[in-house]
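Hi,

Here is the structure I promised to pass on.

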Amino acid sequence: MRSANPARHVSLPFPRAPRYGPEDQAAVRDLLHAGRLSDTSRGPAIAALEDAFADLTNTVYALSFASGTASLHGALRGVGAHPDAGVVTSPLTWISAILVAFHAGSFPVFADVEPGGVNLNPATIATAGQASAVLVTHTFGIPARMDALTAVTGVPIVEDCSHAHGARYASRPVGSWGAAGCFSLMERKPVSGGEGGVLTTNSRTVYERALTLGHHPHRLAAELTDPALRPLTSTGLGYKTRMPTVAAAIASVQLRRLADRMAASETNFARLLDVLHAHAAPITTPLVAAGSTRGWYGTPLIITEPVPNPAALFAACTAAGVPVRPLYEDWLSSPLLQDPALLHEAFPHVRHTGWRPPDPHALPNYQVARRQTLLLKVPDVPAADYMHQVGDTLATVLTQAIR
Ligand SMILES: *Cc1c(COP(=O)(O)O)cnc(C)c1O
């Protein structure tokens, strides 16, 4: 398969289908026609999306939110995160999955990722200190080792599934392993509602506690059964985190295409790995455990030779047309997390917690992952020729960059 003359540049355009089509447009038109863009109760558009997510994850309950961040907030409230013990998380995630611990009245406690991987390392959780919850992201679509994580912690686990819609760990859907699962429906995520979020859970308590965060009293009146929560019926918590009906209607349509898009991504990625293998490129991928299915959001490739200059490698990939996306910033060294004055001003309760600014060098696997990981955008429509070009080009770029 090795080409005689490997490509130096990806000349084909990135293969993609229009993000929204006639079905999305019809769904939005129907809501406009009905004059029903905001539902205070669990109306038909909201109910359809929630039911579809409960089906996708095989959970009893699904609850819609205005954003993935709000669903994480609801989940941490749902599981009872509190100021006396932190929320264990890895720094290799979107910033809102870290800062939400403060919004939920607690604080983040950082633990390392697995060696050669991108997800929270079960072995580091035990040493992270006292915790009120663990928040684990299925980072870049790679399902986290939920059985091992569950075995080492006695506190509730919240899964952030915002990169992993439709993924499974050991045959069981992500979002059904922990006390709660959270999915962002922001436009660039694997299922889009434009914006939005969904919480999944098998726990009535978690569901009802999350409901009180920012859903309308009409819905609280219809659904709250817990005697400890019923007194909140008329007020809720006076906050607003519910999903607009338009977002729910679009996400329901998008969800129906998820399986086809996942299958195309899988085929495309296998093609790429074949080409890279034929070039003997120094690349591997994080392990996807047996019986598991990955999700698709910034697919990680791990470079197996030391990368002398990660920024230069990224620039060389981009210049050659390899569809890479930047890794997250190093949140650990951000002003907000390093400067207590800034943090206390925003979250006054933190003064009375065990929060300490993190030491970015205390997490060696995370630092290695930051240097050695390339995030590839894999098309979700058939794209054999394109993947072949990307594989040839990437192999060439790598030989030059790590020589
Ligand atoms: C996008 C994202 C979020 C936040 O979701 P929003 O819908 O943008 O609020 C949380 N966690 C992860 C891992 C994400 O990628």
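Leaving aside neighbours within four places in sequence, which residues is Val100 in contact with? They are Thr69, Leu72, His73, Leu76 and Leu135, where contact means heavy atoms within 4.5 Å. Val100 sits in helix α4, residues 96–103, and is buried, at a relative accessible area of 2% (buried is under 20%, exposed over 50%, partly exposed in between, with a 1.4 Å probe and protein chains only). His216 lies 116 residues from Val100 along the chain, with 22 Å between their C-alpha atoms.

Before you go further: this is a predicted model, with local features needing pLDDT of at least 70 and side-chain atom pairs pLDDT 80 or more, while totals for chains, interfaces and linings use all residues. Residues are numbered from 1 along each chain as its sequence is written, and side-chain values use heavy atoms, without hydrogens and water.

Now the whole protein. It has 15 helices and 13 strands (DSSP runs, H or I of at least four residues and E of at least two, numbered from the N terminus). Its radius of gyration is 22 Å, close to the 22 Å that the globule rule gives for 403 residues, so the protein is as compact as a globular protein of that length; the radius is taken over C-alpha atoms, and the rule is 2.2 Å times the number of residues to the power 0.38. The C-alpha trace spans about 75 × 50 × 35 Å along its principal axes. Of the 403 residues, 56% are buried. Among contacts with a separation of 6 or more, 68% are between residues 24 or more positions apart.

Best wishes
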